[in-house]
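Hi,

Here is the structure I promised to pass on.

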Amino acid sequence: MTTTIEYDVVVIGAGPVGENVADRVVRGGLTAAVVERELVGGECSYWACMPTKALLRSASVLRAARQVPGAREAVTGDLDVPAVLGRRDSFASHWKDDGQVSWLESAGIALHRGQGRIASARVVEVTGADGVTTRLAARHAVVVATGSSALLPDVPGLRDAAPWTSREAASAGSVPRRLAIIGGGVVAAEMATAFSALGSSVTVLARDGVLPSVEPFAGELVTESLRAAGVSVRVGAEAVSVHRDDSGTVDITTADGGRVEADEVLVAIGRTPNTRDIGLESIGLAPGAWLAVDDTLRVVGAGEWLYAAGDVNRRVLLTHQGKYQARAVGDVIVARAKGQEVQDGRWGRHAATADERAVPQVIFTDPEIASVGLTAAAAEAAGLRTRVVDYDLGAVAGSSLHADGYRGHARMIVDEDRKVIVGFTLAGPDVAELIHAATIAVVGEVPLDRLWHAVPAYPTVSEVWLRLLETYGR
């Protein structure tokens, strides 16, 4: 006999997005349950954001110290690899979710472990590890927040070669002597940075270049830095076959006839939605597909009860943006359940407007890349009449104090018709913490005339704001 339990809202997926949806719902006075087949806390907590940045941080600190006289002389050794991996393990909670489960309990959110599948409108069936099925009935809404997984291309021999994905790279128990990376995006660039610093001989096969979606100057700076660190970056190289021999060596053949030998191969070419086994076929949707949503993140073509937040809707595949969507989803479900006004206009409480043109991102390479809004190319493609303003970040007084030989660049994209910033990119050491000021300027659509009154403290790297405005002209 199948047990049925009722909640106001059922969330499939207990990663950061699902947790935040449930939390907003409960804070709004409704009941909520989350369904999770793996670890509560999701990809970000155990195989992405936190452990990967922990892998990168130690090397970043060491580089920073070596760029400042006085500190440089105090550095007498190299990275302690076991200590780096140990710190990474602690940030991944040693791949145990006790703390996250405890938080759910304290927040009043019910947890059901197992594979969740939509059985019919507002009904989710959860099959546990013991094979027992529990039926969860949602009075108001079901939210899909199952995230995404690494995409493996159909390259002959690749799957049989037991490749790493972002998960294996983030949780590796040891550092391979030779690491080949297929791809040139964020995961590829960050893991090339991390494993090179940890002692691997790294080869990057970047068919479309390194970080092709960012401003070209930023990708070029990272490529130069990787090569200076000893990484072999092969721009335009495409893997066409992969083979792991009996000794464990991976042999990769490229389209131009080249070969790469490695001890491990990391595939980092994109993501695929975790929607293949969640019962979409029961409501007329295609299993394994991305879920299209409206402005309030309700799934198109699935009735008014189904929502999708985070990676699965393909709007923005970033944890912080998924959590932003989660807040909007949780609040709009509460509003609709209570018959309150839905504020779904531009920048309304229940609309994820920032997904369109105000997405912040930090790439933790050397140098770091921090951006928000549109690139110059994206602004042009959107039909905006823009002016691109560039400045040498290394020429700012605060940068010269921050590190000897500081190299970096800043770009501001101005919508000339409205005289507001629509895009901002920084590339340089430790620029991550600078991007939120630009995010506020973009979201707030602050006129350039008003920005002249936002005086940056001296001497800080933030003085680049004044230099960009001076370059633009008053």
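Let's start with Y307: leaving aside its neighbours within four places in sequence, Y307 is in contact with A141, V142, V143, V144, T296, L297, R298, V299, V329, V332, I333 and R336. Contact here means heavy atoms within 4.5 Å. Y307 sits in strand 16, residues 306–308; helices (H or I, at least four residues) and strands (E, at least two) are DSSP runs, numbered from the N terminus. With a relative accessibility of 2%, Y307 counts as buried. For that term, buried means under 20% relative accessible area, exposed over 50% and partly exposed in between, with a 1.4 Å probe and protein chains only. As for A358, 51 residues from Y307 along the chain, the C-alpha atoms of the two are separated by 22 Å.

Before you go further, please keep in mind that this is a predicted model: local features need pLDDT of at least 70, side-chain atom pairs count only at pLDDT 80 or more, and totals for chains, interfaces and linings use all residues. Residues are numbered from 1 along each chain as its sequence is written, and side-chain values use heavy atoms, with hydrogens and water left out.

Now the chain as a whole. Its secondary structure comes to 16 helices and 21 strands. The radius of gyration is 24 Å, close to the 23 Å that the globule rule gives for 474 residues, so the chain is as compact as a globular protein of that length. (The radius is taken over C-alpha atoms, and the rule is 2.2 Å times the number of residues to the power 0.38.) Along the principal axes, the C-alpha atoms fill a box of roughly 70 × 65 × 45 Å. Buried residues make up 51% of the 474 residues. Of the contacts with a separation of 6 or more, 63% are between residues 24 or more positions apart.

In one, four strands form an open sheet in the order 10-9-8-14, with parallel pairing; two strands pair if DSSP finds at least two bridges between them. Strand 10 (232–235) and strand 14 (264–267) are at the edges with a single partner strand each, so one side of each is left without a neighbour in the sheet. Strand 8 (residues 178–182) pairs with strand 14 in the parallel sense over four bridges, and I182 stands opposite V267 in strand 14.

There is also an open sheet of three strands, in the order 11-12-13, where the pairing is antiparallel. Its edges are strand 11 (239–244) and strand 13 (259–262), each with a single partner strand, so one side of each has no neighbour in the sheet. Five bridges join strand 11 and strand 12 (residues 250–254) in the antiparallel sense, and the bridge partner of H243 is D251 in strand 12.

Last, the rings. The count comes to three aromatic pairs, where rings of Phe, Tyr and Trp (its six-membered ring) pair if their centres lie within 6.5 Å, and planes under 30 degrees apart count as stacked, over 60 as edge-to-face and the rest as tilted. F424 and W465 have ring centres 4.5 Å apart and planes at 15°, so this pair is stacked. F424 lies in strand 21 (residues 420–428) and W465 in helix 16 (residues 464–472), so the pair ties together parts that are 41 residues apart in sequence. Both F424 and W465 are buried.

Cheers
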